[in-house]
Amino acid sequence: MAEISYEQKRKRGRYGPAAILRLGAVYLGLMIVDAFALFLVYAFAADGVWELAITIGLITLMVNIINLRRDLYALRWIAPALALMCLLVVYPIAYTVYVSFTNYGDGNLLTKSQVIKLLSRETYLPEGGKVYAWDLYQNTAGEFALWLTDENDGDKYYFATMTDFSPVEGLAAGGEKPADYQGYRKLSRAESLRASGQAQDLTFGTEAAPIGIAGRRDAGEFAQRYVYQDELDAVLDRASDSMFYPVYETGRDQNDKVYRTGQFQNEAGDTLRTGFIANIGLKNYRSFLERDDIRIPLTRIFFWTIGFSFISVLSTFTVGLLFALLLQNRRIPYRHAFRTLLIVPWAIPGLISVAVWKGMLNPNLGVISNMLRAIGLEPPPFFIDPGWAKAGILLVNLWLGYPYFMLVCSGALAAIPSDMYEAAEVDGAGWWNKFRDLTLPMLLVAVGPLLIASFTYNFNNFVIIEAYNEGGPPMVESGTLPAGHTDILISYAFRLAFGGGRGADFGLASAITIIIFLMVAGVTLLQYRLTKGWEETSENV
Amino acid sequence: MSRDNHEKRKHYRPAENLQLAAQILILLAAVVFALFPIVWVISAALNPSQSMSSQTVIPPLPETRTIVAEAPGKLLRIVSLAGARVERSAEMILLVEIEGEEKELRAPKNGYVDNIRVAVGETFQSGDALYDIRSSYLINVDTLLNTERKPFLRWMFNSVVIASVSSIIVVLITAFSAYSFSRFRFAGRRNLLVLILLVQVFPNLLSMVAIFLMLQQIGQHIPFFGLNTAGGLILVYVGGAMGINIWLMKGFFDSVPRDIDESAMVDGANHWQVYWRLIFPLVRPVLVVVGILSFVGIYNEFVLARVLLRDKDSWTLMVGLWQFISATFGQDWGVFAAGAVIGALPSLIIYLSLQDQIVGGLTQGAVKG
């Protein structure tokens, strides 16, 4: 067989049967992904969840472009990762930024149009609307109907099914209600009582005059209570006959009435129960400074976060380095066994470790408290006193974290050439001088970036805070907002969003999140420069 | 710092020996600090008494105690049958009649009920043996595995499934991306890499509100990926693990010389073939380590799982264990300890057996602790 040129081989690779098969697979895969994505886009658009519909649409578009354009071949390999990151990392970040400028939280959980939709379903009994006494009927299909008695009008009778409402003729006032009427059977008292819960949610009669059960005895002609008026952008409450306007700015009017963003309020200042999500600008960010119940806890939490991260890094590094230095001595018997035993804390899931320590530190029953009592000391309140709680957390974090630095330092120490020590000894340097002028500087070059990484890790070390005491003991100054003395920023934000009990404030939590993000991103960029990441990515391998 | 590889220095000065002794002492103290909590929790797991206060370092030997009647009476009913597990002391064992009054005989300690020696309706005298209660090292494990309210095995199964599926997907997808970043030169490559790194800094714990709402919405149309499902949680884990692992893997791919694939390209191979036939086999050991590490990371994760999984049956192991750390922590201590020991085993085994590889990977960027 004749020699085939390189070009021919390339062509064969591009147009051969295997290549066509591969191309077919790509198109088929793309079609499946597209069908799936289009279904989602359509479904979300129908739900009115536009942000998700648009996001998924854009991601799908991106994946299609990448796969169809030849010059973007390199990106094809990254497309799945990019798509996943866009949906699960980038979109949530963007959403969090958006939420941080809103009042999203308990009481303001729905968009304005969703609130209007919800309000339009509410009904009321208009004044002068007819009230009837009711008896429940049911047909064999299980449908309910009401026998209505208008007691004010000399006992006139009506019969209302799910779709119909008609007067009953030919029955004298005060007469016995029929056991069967138009195929419906009158329910006994007990049956009626049992079914009343179910029947209460139903609307009887015609659409023009809907009738519902209002109470144990009464039924009546209910009407839609809230009517949204497009041209006024307001909701008319027909029960009180007053107009509720959506409020977009918090403040007071000339009569000193308070208006709050995201509420429907009328002239008298009354507020509808459900508020809507509204843009409140920088208010969440400003409240860091302006609201005492946020400023005081936030300042303390901020400094504790820095202190906690810093002390954790310092203590774990110091202890880890100490152990690494000791383990360097070759005369120590069973060196490898020592090393393995000392890294065990690192191999245990963090949650479990913290929980075990929590048990051991328990002031009444824990083993450490018992030991302290045995030698005549009063065990400290490790969970109630702010200072001791912090000390406990730092102790536990030291236990969790030192093996990491022990391992890292062991590796870095082994890499320091021994002739440098010999040279230092010739110069008459003592062990302290050798350590200070030789070991430590050499070590910090290698371990420095990891110290920064460990700092950012602890900055967001949610697990230890949550598992140790859920941020407690609680901070009085935070008022009704949840905050604790051992909370760090991330756990404070988490508590504001999911804290339970007191109500969620997603907007405020998101604003704190953005602050955390900016700080950690800054530190990461710094670390990236330190590790000379720039060269690494620009160089060719 | 000592350099004792000089074979000729066989004799050490007394000061050096003293120093060595001090060093060994410090290390021994360090080992006590490191291992005491672990010894303590293992001992708690084996201790037949479940409460925290009555725990000792060495659990008491299992024993069988015979319960003797204190007064003559008549057995009315056997409440806990023979072989039954008594989880909390003071659980009722027998209902008896003493001096014409009904009286409940309760277990004095945890254990298994055995050898009930009196039949229902029979009378007994003061000093007669009524039944045995037998303690066992494994009673906490038995309770842990056989309590319907807290389906521990189910949680463990969920954890293993979620962690393995996620880590396999993560490794496959990120390996493709890393290959591209390592082997192709395209416009925006560097910026994309930095962007991935920065975006990764945003912990997905923080965007939990958005993730929660998104899964809720998705779940209304594709229940498989909704809230409360393993599918949804896997999706979130996979999405969150992309960035750091792309960086990690790119480093590994970079360490494979490009000459190898370039010569294959000259022979007419395309990228697909180079990837699967040449590069993939070379980096496979590293990929396995990365996969195992992300398995452990996901297995240990509990914050996202706790927010996204609401149903007891869909919980992961860590969410389940979290439930023990509640008001009754002191009483459930023994059972929690058993769960902690069993739950920590996979992570412990993997970390200790892979310690050297992990250190290699750590210095390249992945951080734990």
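Two strands pair if DSSP finds at least two bridges between them. Strands (E, at least two residues) and helices (H or I, at least four) are DSSP runs, numbered from the N terminus. Keep both terms at hand for this tour.

This is a predicted model, where local features need pLDDT of at least 70 and side-chain atom pairs count only at pLDDT 80 or more, while totals for chains, interfaces and linings use all residues. Residues are numbered from 1 along each chain as its sequence is written, chains are lettered from A and ligands numbered from 1 in the order in which they are written, and side-chain values use heavy atoms, with hydrogens and water left out.

**Stop 1: a hairpin in chain A**

Select residues 211–213 and 218–221 of chain A. These are strands β8(A) and β9(A). They form a hairpin, with 4 residues between the two strands. Their pairing is antiparallel and runs over 3 bridges. Find A:Gly212 and look across to A:Gly220 in β9(A), which stands opposite.

Strands of a sheet pair through backbone hydrogen bonds, either parallel or antiparallel.

**Stop 2: an open sheet in chain A**

An open sheet of 4 strands has the order β11-β12-β13-β16 in chain A, with antiparallel pairing.

Select 234–237 to see β12(A), which pairs with β11(A) over 4 bridges in the antiparallel sense. What is the bridge partner of A:Val227 in β12(A)? It is A:Leu236.

**Stop 3: the domains of chain A**

Colour chain A by domain. Domain bounds come from an automatic or database domain assignment. In chain A, the assignment gives domain 1 (12–99), domain 2 (123–224), domain 3 (231–281) and domain 4 (290–533). The C-alpha centres of domain 1 and domain 4 of chain A are 41 Å apart.

**Stop 4: where the chains meet**

Show both chains. Contact here means heavy atoms within 4.5 Å. Chain A gives 108 residues to the contact and chain B gives 112. Together the chains bury about 10,400 Å², with 78% of it on carbon and sulfur atoms. Buried area is the accessible area (1.4 Å probe) that two parts lose on being put together, summed over both.

Next, select A:Trp77, A:Arg331 and A:Trp346. In chain A, these three lose the most area to chain B, together 9% of what that side buries.

How many residue pairs are in polar contact between chain A and chain B? The count is 9, with both residues at pLDDT 80 or more. A polar contact is a pair of N or O atoms within 3.5 Å; within protein, one must be able to donate a hydrogen and the other to accept it, and residues adjacent in sequence count only if both atoms are side-chain atoms.

Highlight helix α5 (residues 79–99) of chain A. This helix supplies 14 residues, the largest share of the side of chain A that touches chain B. That side divides into 78 nonpolar, 17 polar and 13 charged residues. Ala, Val, Leu, Ile, Met, Phe, Trp, Tyr, Cys and Pro count as nonpolar, Asp, Glu, Lys and Arg as charged, and the others, Gly among them, as polar.

**Stop 5: salt bridges**

A salt bridge is a side-chain nitrogen of Lys or Arg within 4 Å of a carboxyl oxygen of Asp or Glu. The rule finds 1 across the interface of chain A and chain B. Select A:Glu466 and B:Arg306: their side chains meet in a salt bridge (3.4 Å, N to O).

Over all chains, the count comes to 19. One is B:Arg85 with B:Asp142, whose closest N and O atoms are 3.3 Å apart. B:Arg85 lies in strand β3 (residues 85–86) of chain B and B:Asp142 in helix α2 (residues 139–145) of chain B, so the pair ties together parts 57 residues apart in sequence.

**Stop 6: the sheet of chain B**

Stay on B:Arg85. Opposite stands B:Tyr112 in β6(B). Then follow B:Tyr112 to its bridge partner in β8(B), B:Arg134. The open sheet here has 4 strands in the order β1-β8-β6-β3, paired antiparallel.

Finish with the domains of chain B: domain 1 (64–135) and domain 2 (150–324). Their C-alpha centres lie 56 Å apart.
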